[in-house]
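Dear colleague,

Please find the structure below, together with a short account of what was found in it.

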Amino acid sequence: MLPFDLEENAIIADKYRVVRPLGAGWEGEVYLVSELGTGIERAVKLFYPQRNKKKSASKRYARMLHKLRNLPTLIQYHAHEEVMIHDQLVVALISEYIEG
């Protein structure tokens, strides 16, 4: 299943509304989202299942961000969760959104 191509205003996990796509690469796609409950903007990286066997890529990425969490200029990691996208379970990494 490549790509996800989520549309503006799509809802992810009943928690986030897609504002716009930010980019895509070999591992997956990144979207700017807004938390439904707070309006806070976050970035969501959705990993392509075929590129994230046994969740190894997403776990490695999450661990890397966690280890670097005390650096003041680094994007802060928030959550590693599974969400349904187009009737398929997909790993999503939620992080702070920093413009630029």
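Is S95 buried or exposed? In this predicted model, S95 has a relative accessible area of 13%. Residues under 20% count as buried, so S95 is buried. Its place in the chain is strand β6, which covers residues 88-96. S95 and R42 are 53 residues apart in sequence, yet their C-alpha atoms are 5.8 Å apart in space.

A second residue to look at is E81, in strand β5 (residues 77-85). E81 also counts as buried, because its relative accessibility is 17%, and the cut-off is under 20%. The side chain of E81 makes a polar contact of 3.2 Å with the side chain of K15. Leaving aside residues up to four places away in sequence, E81 touches A13, K15, Y16, V90, V91, A92 and I94.

Strand β1 (residues 11-12) pairs with strand β2 (residues 16-24) in the antiparallel sense, over two bridges. Here I11 stands opposite R17 of β2. The hairpin of β1 and β2 has three residues between the strands, and A13 takes a positive phi near 55 degrees in it. A13 is also among the residues that E81 touches.

Strand β2 is then joined to strand β3 (residues 28-35) by seven bridges, and these two strands run antiparallel. V18 has V33 in β3 as its bridge partner. Three residues lie between β2 and β3, which form a hairpin.

Methods:
Residues are numbered from 1 along each chain as its sequence is written. This is a predicted model: local features need pLDDT of at least 70, side-chain atom pairs count only at pLDDT 80 or more; totals for chains, interfaces and linings use all residues. Side-chain values use heavy atoms; hydrogens and water are left out. Helices (H or I, at least four residues) and strands (E, at least two) are DSSP runs, numbered from the N terminus. Buried means under 20% relative accessible area, exposed over 50%, partly exposed in between (1.4 Å probe, protein chains only). A polar contact is a pair of N or O atoms within 3.5 Å; within protein, one must be able to donate a hydrogen and the other to accept it, and residues adjacent in sequence count only if both atoms are side-chain atoms. Contact means heavy atoms within 4.5 Å. Two strands pair if DSSP finds at least two bridges between them.
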